[in-house]
Amino acid sequence: MSKNHSFDDNRHHNDDNSPFHPEFVPEYSACQKALDQAKDAFTNANFTKAFDFSNAAVHAIRKQHIDALSLRAATLAKMARFKAATADAEMIININPTSPEGYLCYGNLLEVRGNHRQAVRIYKKGIQLMKTNEFRSILEQQCDVAIAKSNERVDIISRFPYDITNTILMYLGIEQRFILLDVSKLWRTIVSECASAWSKLILCKHTKLSTSIAKSAALIGIISKHVKDLTLMDFKNASLFESVLTQMTDGCFSKLEAIFISNCLISSTKRFFDALSGVTSTLKHIILSVNYKDIKKSLVVEIPLNTLLMTCPNMKTLNQYFPNSVTFEEVKGYHYYESASYVTNALTSLQLDFNHITIADLKWIYDTCPRLRRLIICGCRSILLNVIHHLFEKKLDRLCFGINLYEVFDDGNVNVGDKAVVIKSTQILPTHSNTSLSSTGMLREVALKVDNPYNFISLFSNNYTTIRTLRLVIDTSWYLTDIDEKEAKEGWQSLLSNIPNLNNLRLLDVCAADQTICSTIVAPLLEKSPNLRCLESYTPSKLVGSKVITAIINLRHLQKLVISECTSNDQDIQTLFRSLAAKGTNESTLEHVSIIYNDDFSVDGIIEYLASISTLRHIMFDAVDGLSKKGMTLLCEKLQEHSCIRTIKLCYLDDCIDDTILHCLANIKRLENLFLTGLNKITHSGLNAFTGTLVKLTIESCRNIK
């Protein structure tokens, strides 16, 4: 054993940081013994034996090296360090390319990871280099096993339970889901049974389901049994639209509850009603929209309302949008039926956008829909507001009159009086939501275009105790043309002074045309609403005046203030926010401030006051040209120690938001939620400042952020 001391001594003299440990080194090895014998033979001049012993030592060292690498590769594979294990396998092949050990090691590593085809290539390469039949036979046997495994089809999706597959499909677009249906019979069976993934189906002219119309229709038929909400928009392809109608007629859409058809051509009225008859037992919500200039080719012109109500007795919601040239009489159904109107007891929500609705039409609606709770109606003259009020007194919960709240134009905008809100083609307005309507018949939500004080005051005088949400559009026709503005103003003031306090009003949304309107109508309404929680103002011209400012400041329970398109002078706005900031913690209730689409007043002038509102939790700036980088920096500095701020939303502020501002925002200690939209100057470098500091970070439509 004394001959081994020099070997051990060399190991013991390694640096303390060496990865080698003496206890893992064998005391004496075959290669060391052969090497010692070679040294003795060489010293005794017996060169033949010296060659034999040294040659044996080389083979022993190589064998031990291969064994060690094989063991280490297997260990690394168990530790999921496949890259390092593959490197060891390649080293074994380089040491002895004519031995099967390296090829077996490399092939096994590939098979463990499921790459059987590449493993076959490795085995075949080794077979060509083997010199003995024994080694060649070992590799051929392993190669056959790998070939058999590579030919096996593995459907990962078949291993998932349906709830997992359902969840995965929900993250995919409609076109991607249909692609999965066409992968194989097994995938089609599994994917088509995921009911939740197919409950909402949106098809439009841009949707590409398959290579042919027939195949697309067949795929729709497979999943139709799960569809509850169907949207058909801008279908220029009549064949596919007709196929869908045929499937509805045949009862394929057995669970369909809501259908939205917009700008789709149809062959005949009978064809459409045949389709509805196939889903009449489940259909509860219908939206029909026309946007074509040539209304003779459109869908809804040929659909009589009376027939529609009779065909769908379980319908709860009906919305119909029409071009201005269509009158209510044309679609009501009287010209199709001489009999009396059909009475539907299911309909609770009705939206009609017609031209020239008369008192007789309103009475027809009243008689036909006795359980109506929500009425949105456009095309009426203002004088008919009193008729609606008296007809539907104690019946309606929600009333929208004279405002095209949901009128969709060619450019994809939804017009709300003088407001325009862009919507995506895949978004469906919430007209058939699951929100339950109260059956008490107390008017809670009102949206009006104000042009006649007497009708307006009459409505409020009779419902002042119940109205909680009020949305008003007041344009330049707010007084009658046969009297002057001064007389109209005095008449409004006199009538408004006699309205009782609107103690239950919580939200007031005003779109006003000028400052005179605000001082005459808006300010008195604010004074009559002591418990108002939310004020939203959309003003194409100057809104804020001294009366409105005073009324806002005196709101003791105001929690949310939204100012949009305001072109008031800087002094008025500064006065408002200075007064709001002056309220102490015990007096202030304001938590949310949003400034949207403002370009005529300097937001920088209110930054210091805004940051001084002690109860403020939520700030939103959207497309505000009057906000500079300097002002945004000041806001961040003021909010660093703010005790309440939690959420900031910044949208389309390219001139003032960059990575520098993001670093400033990261210093706000109590900030939890940050929403960034349409900011093209920010990068990942700026976002890195928020690592671990936010609860939620939402980024949308930012050019440099993927």
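Student: First, what are we looking at?

Tutor: A predicted model. The chain has 706 residues, and 48% of them count as buried. Its secondary structure comes to 26 helices and 21 strands.

Student: How much of the contact count comes from residues 24 or more positions apart?

Tutor: Take the contacts with a separation of 6 or more; such pairs account for 72% of them.

Student: Why are helix 5 and helix 6 called roughly antiparallel?

Tutor: Look at the angle. The axes of helix 5 (residues 100-112) and helix 6 (residues 116-129) cross at roughly 170°. Angles over 145 degrees count as roughly antiparallel. Therefore helix 5 and helix 6 get that label. Their axes also come within 8 Å.

Student: Which residues make the contact between helix 5 and helix 6?

Tutor: From helix 5, the list includes Tyr103, Leu104, Tyr106 and Leu110. From helix 6, it includes Ala119, Ile122, Tyr123 and Leu129. By class, the contact has 8 nonpolar, 5 polar and 1 charged residues.

Student: Why does Thr615 count as buried?

Tutor: Its relative accessibility is 12%. Buried means under 20%.

Student: Where does Thr615 lie?

Tutor: In the loop between helix 23 (607-611) and strand 18 (618-622).

Student: What makes the pairing of Thr615 with Ser588 a polar contact?

Tutor: The distance between their side chains is 2.9 Å. The limit is 3.5 Å, for N or O atoms that can donate and accept a hydrogen. The Thr615 side chain also reaches the backbone oxygen of Leu590, at 2.6 Å. Leaving aside neighbours within four places in sequence, the contacts of Thr615 include Thr585, Glu591 and Cys644.

Student: And what does the side chain of Thr282 reach?

Tutor: The backbone oxygen of Leu256, at 2.6 Å. Thr282 lies in the loop between helix 13 (269-277) and strand 4 (285-289).

Student: Which residues touch Thr282, leaving aside its neighbours within four places in sequence?

Tutor: Phe253, Ser254, Lys255, Leu256 and Glu257.

Methods. Residues numbered from 1 in each chain as written. Predicted model: local features only at pLDDT ≥ 70, side-chain atom pairs only at ≥ 80, totals over all residues. Heavy atoms only, no water. Axes fitted to C-alpha atoms, helices over the stretch in contact; angles between N-to-C directions. Helix = DSSP H or I, 4+ residues; strand = E, 2+ residues; numbered from the N terminus. Parallel < 35°, antiparallel > 145°, perpendicular 65-115°, else oblique. Contact = heavy atoms within 4.5 Å. Nonpolar A, V, L, I, M, F, W, Y, C, P; charged D, E, K, R; others polar. Buried < 20%, exposed > 50% of the residue type's maximum accessible area, 1.4 Å probe, protein only.
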